[in-house]
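Here are my notes on the model you sent over. Have it open while you read, and go through the points in order.

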Amino acid sequence: QLQLVESGGGLVQPGGSLRLSCAASGFTLDYYAIGWFRQAPGKEREGVSCISSSGGRTNYADSVKGRFTISRDNAKNTVYLQMNSLKPEDTAVYYCAADSTPVVSRYAPLNDRLYSYWGQGIQVTVSS
């Protein structure tokens, strides 16, 4: 059974950092693009950052460029999202998602509709 599990969320003060992890079980991530998405209360889900299966292509939402970094460790079957200089507007439930279709795995688009497998989500709250 394919499963994605997020970890590393929590409460942090503005300007602080968190590192989210997305661990896969039941399959290897080697051939999958992985995306991080988030949904704040009353808002639509949005793409945050995605990484191609090779790790050679990464995409970021404009709102997080320069603050967030996505990376992957295929040996550990895990993808990370390092979040620095966090702002209150980063508060949301964060989801990781995976897909292995050729276009998605190569280009890692920020479109959540293109990803087939999803984690259960984890809360990130940025507040003083």
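1. Arg45 sits over the face of Trp118, 3.9 Å from the ring centre. The test for a charge over a ring is NZ of Lys or CZ of Arg within 6 Å of the ring centre and within 35 degrees of the ring normal. Trp118 also belongs to a cluster, joined by ring pairs to Phe37, Tyr95 and Tyr115.

2. A word on where this comes from: the model is predicted, with local features needing pLDDT of at least 70 and side-chain atom pairs counted only at pLDDT 80 or more, while totals for chains, interfaces and linings use all residues. Residues are numbered from 1 along each chain as its sequence is written, and side-chain values use heavy atoms, leaving out hydrogens and water.

3. How many aromatic pairs does a search of the whole structure find? The search turns up six. Rings of Phe, Tyr and Trp (its six-membered ring) pair if their centres lie within 6.5 Å; planes under 30 degrees apart are called stacked, over 60 edge-to-face, and the rest tilted.

4. One of the six is Phe27 with Tyr117, a tilted pair at 6.3 Å centre to centre and 40° between the planes. Phe27 is in the loop between strand E3 (18-25) and strand E4 (33-39), and Tyr117 is in strand E10 (residues 117-118), so the pair ties together parts 90 residues apart in sequence. Phe27 counts as buried at 12% relative accessibility, whereas Tyr117 is partly exposed at 35%. (Buried is under 20% relative accessible area, exposed over 50%, partly exposed in between, with a 1.4 Å probe and protein chains only.)

5. Tyr117 has another partner: with Tyr32 it makes an edge-to-face pair, 6.2 Å centre to centre and 65° between the planes. This pair too links distant parts of the chain, with Tyr32 in the loop between E3 and E4 and Tyr117 in strand E10, 85 residues apart. Tyr32 is buried, its relative accessible area being 12%.

6. Now the overall fold: one helix and 11 strands. Helices (H or I, at least four residues) and strands (E, at least two) are DSSP runs, numbered from the N terminus. The radius of gyration is 13 Å, close to the 14 Å from the globule rule for 128 residues, so the protein is as compact as a globular protein of that length. That radius is taken over C-alpha atoms, and the rule is 2.2 Å times the number of residues to the power 0.38.

7. Finally, burial: 45% of the 128 residues count as buried.
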